[in-house]
Amino acid sequence: MAAYIARRLLQTVVILLGISFVTFVLLYLIPADPARQIAGRSATAQTVENIREQLGLNLPFYEQYLRYVTGLVQGDFGRSYLQKTEVATLIASRLPASLVLMAGAITCELIFGLTMGIVAALRRGSRTDDTLMIASFVGVSAPQFVIGILLLYVFAVKLGWFPIGGYGTFAHLVLPSVTLGFLGAGWYSRMMRSSLIEVMRQDFIRTARATGVGRAKVLFRHAMPNAILPVIAMIGIDIGLFMSGIVVVESVFGWPGIGQLAWQAIQRVDIPIIMGVTLVSAFAIVLGNLLADLITPLIDPRIKLR
């Protein structure tokens with residue numbers, strides 16, 4: 001176990017270095033000029049050039065990248081061009097909100113998705129199955145901002161059950177979590193349905209039924225531990241996606257997470273923040289997959305770490 005974790009952590013370092021290089025190249029090649037963004041439209045060419053020199057943007061690409069990686073090794077994500085604040089501090093201030101929303105969203109999509117998938121599998125070929133699969137298709141296809149605005153209009157504006165936006169209480173968390181949960185539930189329901197149908201066809205399920213084991217016990221004790229394994233891998237991926245890919249939902253609900261921070265940085269070409277959020281999100285994806293790999297053998301001892 002220790003050797004496996006050490007090997008995966010070493011792979012994580014290599015992956016993050018690769019991602020940092022690719023991201024740095026893309027940001028280096030974009031036509032927008034961060035120095036001009038900082039100086040403003042009315043600034044003189046000399047002022048822009050001075051800012052570019054102060055930030056090291058006039059250096060060759062390899063020197064800029066080496067300076068960034070050197071700081072990264074020392075735990076320095078750089079300083080925001082516009083906010084004049086350490087990137088690590090900015091991300092740390094937004095991270096709790098993103099973690100809370102991630103937990104709420106994953107909880108909602110598991111509740112919705114697993115329930116829909118189990119019912120659809122047990123009612124395979126029925127109208128209930130067709131209806132749930134259509135609902136899951138709508139969920140994975142619907143734009144985030146459409147679902148978010150509809151929920152806001154119905155439950156916040158018309159019914160007044162929840163606040164329109166903001167952060168700080170459980171009531172603020174419900175609508176953005178349900179929005180993300182509804183959108184992600186479609187993937188989980190389809191995966192759960194397919195996996196459960198396949199498991200229910202296995203010999204050990206037929207044997208359990210033949211020995212007189214009750215239907216509920218067959219489902220939850222024998223079938224579910226095997227059918228849920230693909231879902232665990234999806235949760236690991238979602239951890240990273242929800243850390244950075246919920247910009248639209250955060251904007252609709254005014255949620256102060258790192259997704260909104262990244263979007264603001266992209267609009268202003270604030271390269272240090274973009275790099276910092278990208279690396280934190282990549283690390284979250286790798287960490288999520290590692291946790292999924294470690295949890296899977298606990299559910300099914302037949303699976304070994306390699």
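## Contacts around Asp-129

Two residues are said to be in contact when they have heavy atoms within 4.5 Å of each other. By that rule, and leaving aside its neighbours within four places in sequence, Asp-129 is in contact with Ala-120, Arg-123, Arg-124 and Arg-193. The structure is a predicted model, in which local features need pLDDT of at least 70 and side-chain atom pairs count only at pLDDT 80 or more, while totals for chains, interfaces and linings use all residues. Residues are numbered from 1 along each chain as its sequence is written, and side-chain values use heavy atoms, with hydrogens and water left out.

Asp-129 lies in helix H6 (residues 127-141), where helices are DSSP runs of H or I with at least four residues, strands are runs of E with at least two, and both are numbered from the N terminus. With a relative accessible area of 3%, Asp-129 is buried; buried means under 20% relative accessible area, exposed means over 50%, and partly exposed is in between, using a 1.4 Å probe and protein chains only.

## The salt bridges

How many salt bridges does the structure hold? There are 2 salt bridges, a term that stands for a side-chain nitrogen of Lys or Arg within 4 Å of a carboxyl oxygen of Asp or Glu. One of them joins the side chains of Asp-129 and Arg-193, at 2.8 Å from N to O. This pair links distant parts of the chain, since Asp-129 is in helix H6 and Arg-193 is in helix H8, 64 residues apart. Both Asp-129 and Arg-193 are buried.

Another salt bridge brings together the side chains of Arg-79 and Glu-86, at 3.1 Å from N to O. Here Arg-79 counts as partly exposed, at 44% relative accessibility, and Glu-86 also counts as partly exposed, at 30%.

## Helix H8 and its partners

The axes of helix H7 (residues 144-158) and helix H8 (residues 170-200) come within 10 Å and cross at roughly 135 degrees. Axes here are lines fitted to C-alpha atoms, for helices over the stretch in contact, and angles run from 0 to 180 degrees between N-to-C directions. H7 and H8 are therefore oblique to each other, given that angles under 35 degrees count as roughly parallel, over 145 as roughly antiparallel, 65 to 115 as roughly perpendicular and the rest as oblique. Residues of H7 including Ile-147, Leu-151 and Phe-155 meet residues of H8, among them Leu-175, Val-178 and Phe-182. The residues of this contact of H7 with H8 divide into 10 nonpolar, 3 polar and no charged, where Ala, Val, Leu, Ile, Met, Phe, Trp, Tyr, Cys and Pro count as nonpolar, Asp, Glu, Lys and Arg as charged, and the others, Gly among them, as polar.

Helix H5 (residues 87-122) also packs with H8, at an angle of about 35 degrees and with the axes 5 Å apart. The residues of the contact of H5 with H8 divide into 21 nonpolar, 7 polar and 2 charged.

In helix H13 (residues 258-268), the buried residues include Ile-258, Leu-261 and Ala-265. Just after H13, Val-269 takes a positive phi of about 55 degrees.
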